[in-house]
Amino acid sequence: MTTFSARAPDRDTASASERWLRARAHSVRAPIASAALAGTAAAALLIGQAWLLARIIDGVVIRHHDLGQILPLVPPLLGVIAARALVSGLVPVAAFAAGARIRRDLRHHLQTHITALGPAWAGTERSGDLANTLVDGVDEVERYYADYLPQRYLTALIPLAMLAAVVPSDWVSGLILCLTAPLIPAFMILIGKGTEALNQRQWRTLARMSAHVFDAIEGLTTLKLFNASRQEAATVARISDAYRRATMQVLRVAFLSSLMLEFLATLAIALVAVFIGFRLYYAQMHFLPGFFVLLLAPEFFRPLRDMGSQYHARMAAIGAAERIVGCLETPAPDTRGTARLQQVTLITFDRVGFAHETGGQGLSGITLTLARGECLAVTGASGAGKTTLAHLALGFLTPQSGALRIDGADLGSVALDDWLGHVAWLPQSPTLFHGTIAENIRLGWPEAPPEAVEAAARAAVAHDFIATLPEGYATRLGDGGEGLSGGERRRIALARALLKPAEVLILDEPTASLDQGTAARVIATIRDRAAHQAVLLITHDPAAARAAGRILRLDRGRPVPPPPAGEAA
Amino acid sequence: MKDLRRLWALYRPYRSWIALGIALTTATALSNVALLALSGWFIASMALAGLGTQSFNYFTPAAAIRGLAILRSLARYLERLVTHEATLRLLSELRTWFYERLEPLAPAGLRAHRRGDLLGRIRADIDSLDNFYLRVLVPGASATINLVLLTGFLATFSLPVAAVTAVGLSIAGVALPLLMLRLGRAAGARAVAIRGALRAAVTDGIRGAAELRALGASTRQTARIDGLSDALIAQQRHLARLKALSVVLSGLTAPLAMVAALVLAIPLVGQGRLSPADTAMIALFVLAAFEAVATLPPAFQAMGETLAAARRIYEIADTPAPVADPAVPAPMPRRHDIRAENLCLRYHPQDAPALDHLSFHLRQGEVLALKGATGAGKTSLVNAILRFHGYQSGQLTIGGTEVRALGGAQVRSLCAVVDQHAHLFNATIRDNLRLARPEADDAALRRVLEDAALWDEVSTFPRGLETFVGEAGARLSGGQARRLIIARALLKDAPILLLDEPTENLDAAAEDHVIAALRRLVAGRTVLLISHRPRTLALADRVVTIENGRAIPSPPSAPCPKYATRV
C-alpha cells in the first residue's frame with residue numbers, strides 16, 4: 001500500500017534545490033557572464049547617452065543654443081544609442097545559450113538516469129508527472145539560468161555603475177540613492193519571503209482547486225449517475241470563491257511590501273529631483289550635472305524592480321528542480337555482471353526469495369526449472385507474487401536469497417541487456433508507443449520483414465482486426481493505443497513479443513480482457529510456441545493454465561499444491 | 001473578432017472591475033511619466049530662476065512631485081489588488097461556465113473530442129482564458145489610452161513633436177510586436193508540435209521503460225528524445241534571435257523618437273513658442289512615454305494564444321447536447337422491468353449502427369446477462385438506458401414507460417451502475433462513497449464496504465475512511481478501486497442495476513469476493529449484467545448473446561434509420 005502522507009516540500013528542500021541549481025551554473029558560466037557583461041555594457045552606454053542628452057538640454061536651457069549649435073552633439077548621441085541597442089540585443093542571445101546547454105544536458109541526463117534506474121523504479125512513478133518534469137520542468141529550470149542568474153548579476157552591477165556616474169557629478173544625490181538602496185534589498189528579502197510563501201502555499205492551493213475542477217470534469221459521467229453533477233457546479237463556484245478570498249488576504253499583505261519598495265524607489269527619485277531643484281535655485285550647483293543625475297536616478301532602481309519579476313522564474317525553477325533532483329538522486333541499482341550468453345536452454349530458480357522494500361508481497365522458497373520446449377504456468381490470486389516472479393526471471397529484480405541460474409550461470413553475473421536479448425516479454429499492462437502498429441510490433445526486431453510482422457500478428461490473433469482498420473498496419477497509434485480496446489492493445493503487444501527472436505517467452509496474463517473465442521486461439525499459439533521456446537505463462541485464466549505442461553500455484557509468495565480438480569485456479 | 005466578442009460576453013458582468021483595473025493601470029503609468037517629466041521641467045525652471053533669468057513659484061511643482069511619487073506607488077498597489085481580484089473572480093466564473101456547458105454533454109457528447117489529451121488541453125486552454133484579462137485586456141486597453149493621452153498632451157505644446165512621438169510609440173507598441181509575431185509564427189508552431197512529440201516520446205519512454213529495455217530499444221528511445229530535444233531547442237533558438245532583434249529595434253525606437261522630438265522642439269524655443277524648460281520636460285516625457293506602452297508587445301503575444309484557446313473551448317462548449325429532457329417528463333415508473341423492441345442506435349449517421357433492432361425483455365427482479373464480443377453494442381445499450389444517448393427508432397421502456405419520456409435525472413435515480421469507466425474522485429474514501437448518499441453515516445459506509453469485501457483492507461489503512469484515494473483512485477489497487485465502486489453502487493440502493501464488466505481485470509480471488517458481494521447486491525433487483533467471464537455470468541438467470549448490435553438469434557428486419565426520427 002502506498003503511504004498517504006502528502007509530499008510537501010519545505011523550505012529546507014527548497015534551499016537544497018537552489019544549491020543544486022547553483023552548482024549546475026558552473027557549466028554555463030561563460031554565457032551567463034556574457035549576458036551580465038552585455039547588460040552592464042548597455043548600462044555604461046546608457047550613462048553616455050544620458051550625458052550627451054544632458055549636454056543638449058543644458059545647451060538649450062542654460063546657454064540658449066539654437067539647433068545649429070546643438071547638431072554636433074547629435075551624431076555621437078545616435079552612435080551611443082545604436083551601440084546600446086545592439087549590445088542589449090546580445091543579452092537574450094547569451095542568456096539563451098546558457099539555457100539551451102542546460103536544457104539539453106538535463107534532458108539527456110534525466111532520460112539516461114531513468115533508463116539506468118530500471119523498470120522496477122519506473123513503475124513506481126506516475127509517468128505523467130515524470131514526463132512533465134522532463135519536458136516542462138526542464139524548461140522552467142532553464143529560466144533560472146537564462147533569466148534569473150544574469151538578472152542577479154545585473155542587479156548588483158548596474159546600480160554600482162550608476163552610482164559611479166552620479167557621485168562625481170553630485171554627491172548629495174549619490175547619498176540619497178545610497179541611503180535608499182540598502183532599504184531595497186531588505187524589502188526584497190521581505191518580498192522574496194512573501195512571494196515564497198505565496199508561491200508555496202497559493203500555487204499549491206491553486207493547483208488543488210484547478211485539480212478539483214478537472215477531477216469533476218473527468219468524473220462527470222459518474223457524477224451524473226448519482227445525479228450530483230448539477231450540484232457540483234455550485235461546488236466548483238464555491239471552491240473558486242473561497243480560493244479567491246484566501247488568496248486576496250495573502251496578496252493584500254504580500255503586495256504591501258512591494259508597495260514599500262515602489263514607494264521608496266519613487267520617493268528617492270522625487271527627492272533627488274527636489275534637492276537638485278533647490279540647489280539650482282540657490283545657485284549651489286550647475287544644471288548639467290543636475291539634469292544628468294536626474295536622468296540616471298530611475299535607471300539606478302530599474303534592475304531592482306526587474307529583479308522582482310524574476311522571482312517567479314526562480315520559484316518555478318526551484319519547484320521544478322525539486323522534482324528533477326528527486327529523480328536524479330535516486331541511486332541506480334548496482335551494475336550487474338558482464339558475462340554473455342550463447343544459447344539459453346534452461347532457467348533454474350533455486351529456493352529463490354525476494355522481499356520488496358516497500359513491503360509488497362515478496363516471494364520465498366521458489367524452486368522451479370523451465371527448459372526450451374516447455375510451458376510452465378504460474379497461477380495464484382493477484383498479489384500472490386506472480387508478477388514479482390516474472391520480474392525476477394527478467395532480471396529486473398535480483399533475488400535476495402537462493403539463486404536464479406541460466407544454463408548453470410548465475411543470472412547476476414550476466415549483463416542484463418545481454419540476457420534480455422534472449423527474452424521476449426508480454427507485460428501485464430503492455431505499453432503501445434506513438435507510431436504505427438507495424439512499428440510497435442517491430443520494436444524488438446526493427447528490421448523484421450512485413451511477412452514476419454504479419455505472421456506474428458496472426459499468431460497473436462491480431463491480424464484480423466488490424467486488417468479491418470482503414471490503414472491496416474500503417475495505422476498510427478495515439479496515446480497508449482487510444483482508440484483500441486484493451487484486448488486489441490494486448491494482442492498487438494503479444495505480436496511484438498512473438499516477433500522478437502528469443503529463446504524465452506514470458507507472458508503475463510496474455511488472455512486478460514479477451515473473449516473466450518479469441519482467448520482459445522491465443523492459447524493455441526502459446527501451445528505452438530512451447531514446442532521450441534521456454535514459455536513462462538502467468539495467468540489467472542484456468543483455460544490458459546491448462547495449456548501449460550506444468551502449473552506452479554502461488555499463495556502469498558509461496559508455492560502451494562494445486563487445488564483439487566474441478567475448482568478454478 | 002467574433003471570438004473576442006464572445007469572450008467579452010463572458011466578461012461583461014465584471015465590466016466595472018475591468019474598468020477599474022484599466023483605470024488604475026493607466027493612472028500608474030501616467031503618474032510615472034508625469035513624475036519624470038515634471039521633475040525635468042522643475043529642475044530646468046529652478047536652474048533658470050537660480051540664474052535670475054525668470055522668477056519661479058516652486059511650491060506647487062515641488063509638492064506635485066512628491067504627490068505624484070505617492071500617487072504612483074498607491075495606484076500601483078491598488079492596481080495589483082484590483083486586477084488580481086478581478087482575475088480570480090473571472091477565473092471562478094469561467095470554470096463554472098465551462099463546467100455547466102460540459103455537464104449536459106457527458107459522456108456521449110464528448111465522444112468526438114476524446115482524441116488526444118482532451119483534459120490536458122482543456123486545462124491549458126482554460127488557464128489561457130484566465131489570463132486574457134490580466135495579460136491582454138488590461139495592458140492592451142491601458143496602453144492604448146496612454147498612447148492617446150500622452151500624445152494629446154504633447155500636442156498642446158507642438159503638433160510635430162506629438163506626431164513624431166505618436167509614430168515612435170506606435171512602432172514600438174504595435175508595429176514591432178506584430179512584425180515579431182509574424183516572423184515567429186512558423187517557428188512557434190513548429191516548437192509547439194515538437195514539444196508535443198517530445199512529451200509523447202518521453203511519456204512512452206517512462207511508461208514503457210521496462211518493455212523498451214526488454215526489447216533492447218532503450219538506446220533508440222533515448223536517441224529519439226535527444227533528437228527531439230535538439231529540434232525543440234533549434235526552434236527556440238530561432239525565437240530567441242527574434243527576441244534579440246526586437247530588443248535591438250525597440251531599444252532604437254525610444255531614444256530615436258526622443259532625439260527627433262528634441263530636434264523638432266529646439267527651434268521652437270528660438271521662436272519663443274516653447275520655453276527652454278519645456279525641452280527638458282519633453283525629453284524626459286518622450287522617454288518615459290515608451291515605458292507606458294511597453295506592456296503592448298506581450299499583450300499581442302498573449303492575445304494570439306488566448307484566442308486560439310478560446311476557439312478550442314468554444315468548439316467543445318458549442319457541441320449540441322446528445323439528449324434533451326422532455327418538456328413534461330412522464331411520472332416515475334412503478335415497475336422496473338426493461339423492454340427493448342427493435343431498438344436502433346447510431347452515434348453518427350455515417351457510423352454503423354451500434355444497436356441494430358435489438359429486442360429483449362428483462363423482467364422485474366430478474367438478472368439478465370448480455371454477452372458478446374467487444375464492440376457488439378452492450379455498452380451502447382447501457383448508454384441508451386441511462387439517457388446518455390438517444391436512440392433513433394424502436395422502443396425502450398422501463399416499467400412500461402418509454403425511456404425518452406423520462407428526464408435523464410429520473411432514469412438515473414432508478415439505476416446504479418458498476419462499470420470500468422466509473423470514476424473515483426481525488427478525495428477520501430468517505431467522500432467517494434457519500435456521493436451515492438450524502439447523508440449516509442459511517443455505520444452505513446462500513447456495511448457497504450463489508451458487502452463489497454473491502455472493509456478488511458480499509459480498516460487497516462492508517463486513516464481508514466479518511467484515506468485519500470489519489471487521482472482517479474491511483475493510490476488503490478485495481479481490485480480495491482473496483483470494490484470501492486461496487487460499494488458506492490451498493491450505497492445508492494437503486495431498484496435497477498447495470499453491471500458492465502463488473503469483474504473485468506480482477507484476479508480470481510478478488511472476483512470471488514466481488515461475485516459474493518454482487519450476489520447480495522442483485523437480490524431483489526432488476527439487473528442487466530454484461531460480462532464474458534463464466535463465473536460472473538453464473539449470477540444470471542438468463543443469458544442473451546449480442547452480436548453486431550442485435551440479439552442472437554433475432555428475426556430479420558429493415559436497416560436502421562440513418563437520422564434520428566425521434567431522440
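The UniProt annotation "transmembrane region", from an unreviewed entry, covers residues 20-44, 56-75, 132-155, 161-181, 244-268 and 280-300 of chain B; UniProt positions follow the numbering used here, feature names are shortened, and annotations may be inferred rather than shown by experiment. This is a predicted model, in which local features need pLDDT of at least 70, side-chain atom pairs count only at pLDDT 80 or more, and totals for chains, interfaces and linings use all residues. Residues are numbered from 1 along each chain as its sequence is written, with chains lettered from A and ligands numbered from 1 in the order written.

**Annotated spans**
- Residues 56-75 of chain B are 85% helix and 0% strand, with end C-alpha atoms 30 Å apart (helices are DSSP runs of H or I, at least four residues, and strands of E, at least two, numbered from the N terminus).
- Residues 161-181 of chain B are 100% helix and 0% strand, and their end C-alpha atoms lie 29 Å apart.

**Domains of chain B**
- The assignment, automatic or from a database, gives domain 1 (2-317) and domain 2 (338-552).
- The centres of domain 1 and domain 2 of chain B, taken over C-alpha atoms, are separated by 52 Å.

**Contact between chains**
- Chain B supplies 121 residues and chain A 120 residues to the contact (C-beta atoms, placed from the backbone, within 7 Å).
- On the side of chain B that touches chain A, helix α7 (residues 218-270) of chain B gives the most, with 26 residues.

**Contacts of A:Leu537**
- Apart from neighbours within four places in sequence, A:Leu537 is in contact with residues including A:Cys375, A:Leu507, A:Ile526 and A:Ala548.

Terms used
Two residues are in contact if their C-beta atoms, placed from the backbone, lie within 7 Å.
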